[in-house]
Amino acid sequence: MPSNQDIAPSGSQLAQLPLLTLYLTERCNSRCVSCDYWRHGRTDIDLETVARLLPDLQRLRTRVVLISGGEPLVHPQWASIARLLKEQGLQLWLLTSGLSLAKHVGRVTQLFAAVTVSLDGADAATYMAIRGVDAFDKVCAGIRAAGAAGVPVSIRVTVQRANFRQLPALVRLARELGARQTSFVAVDVANPHAFGRHERFDAGPALQREDLPVFERVLSAMERDFADEFHAGRIAEKPQKLRRLHQYFSAVCAIGDYPPVRCNAPEFSAVIGAGRQVNPCFFIEGPQQMSMSADLSATLNSAAMTALRSDIKAGARAECATCVCSLWREPGQRSVNDFLVHHSHA
């Protein structure tokens, strides 16, 4: 346990943690061009470590646990871990590549309140070029099966040079597969440490200057053709937020500023890695000495972690200026329904 001088003043402590992201593994069954987990990932979290978290999650009034990785469904104990958490009254959200979703759809449906599948191509060739495996039909079958079984399924698209022209086709494909929502995030080429990278990342997957006018036309067409989808929330982002993708890639091309980031995720959530590292968000590592050897509350409220959250809030971290995945929730918007997908097709 930390000593008294290691604990932050009570006014700056994190008293509640409505959302926890838990990485089950650093291993993955995809070979994505924008991620290195599949190259270097070896570590799994164990069931005993998760069990030790349960009293803290109760004290911190955690409501939703996002199960991620790597690819969580390659963890040999994924179902046991999910069942343990669900039995504590927690709502579980699965973030998956979808490669084995059809195989496990029965247990996934029983254990998870929502599923998000990474789908970065509207056809087999594009999917293969980005994800590195010939699995487009298999992933589509998993999305369709999960949706038919009643679990709310959303699709997450990482927008990049190989697929930006397919955004309208991906919205249509999501609808055909029974997904309730499609969301879009820019490929992260600015953070050298994101997604298991061990060295600086090549900006090759990002849009180039000559792509930007085409992307502008794609976004304009989506605003015109998918007004109903935007209004109903079947596209997660509002049109003006999708326009931030264009601004982001313009900045990558050095012809503009990165879009301003509004994020307070570290004030209501945290990330626990497969190696027990406790981080304030997806893209910023926590202090190196932090581990699950101490209880989670003490780790989150140590002086070092609190100082890191303060730096993030003050905009003092360089990673925040180029972040592709900002998340803002007001205090009254941190319930279960504010994190899970519950949109209907109506």
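Which residue in E4 is the bridge partner of Leu95? Some notes on that and on the rest of the fold follow.

1. A word on the model first: it is predicted, with local features needing pLDDT of at least 70 and side-chain atom pairs counted only at pLDDT 80 or more, while totals for chains, interfaces and linings use all residues. Residues are numbered from 1 along each chain as its sequence is written, and side-chain values use heavy atoms, leaving out hydrogens and water.

2. The bridge partner of Leu95 is Thr116 in E4. Strands E3 (residues 91-96) and E4 (residues 114-118) are paired in the parallel sense over four bridges; two strands pair if DSSP finds at least two bridges between them. Strands are DSSP runs of E, at least two residues, and helices are runs of H or I, at least four, numbered from the N terminus.

3. Both strands sit in an open, mixed sheet of eight strands, ordered E6-E5-E4-E3-E2-E1-E7-E8. Its edge strands, E6 (181-186) and E8 (278-279), each pair on one side only.

4. Have a look at helix H2 (residues 47-59), which bends by about 30° at Leu53, with Pro55 following within four residues. The bend is the angle between axes fitted to the seven residues ending at a residue and the seven starting there. Arg61, with a positive phi near 55°, follows H2.
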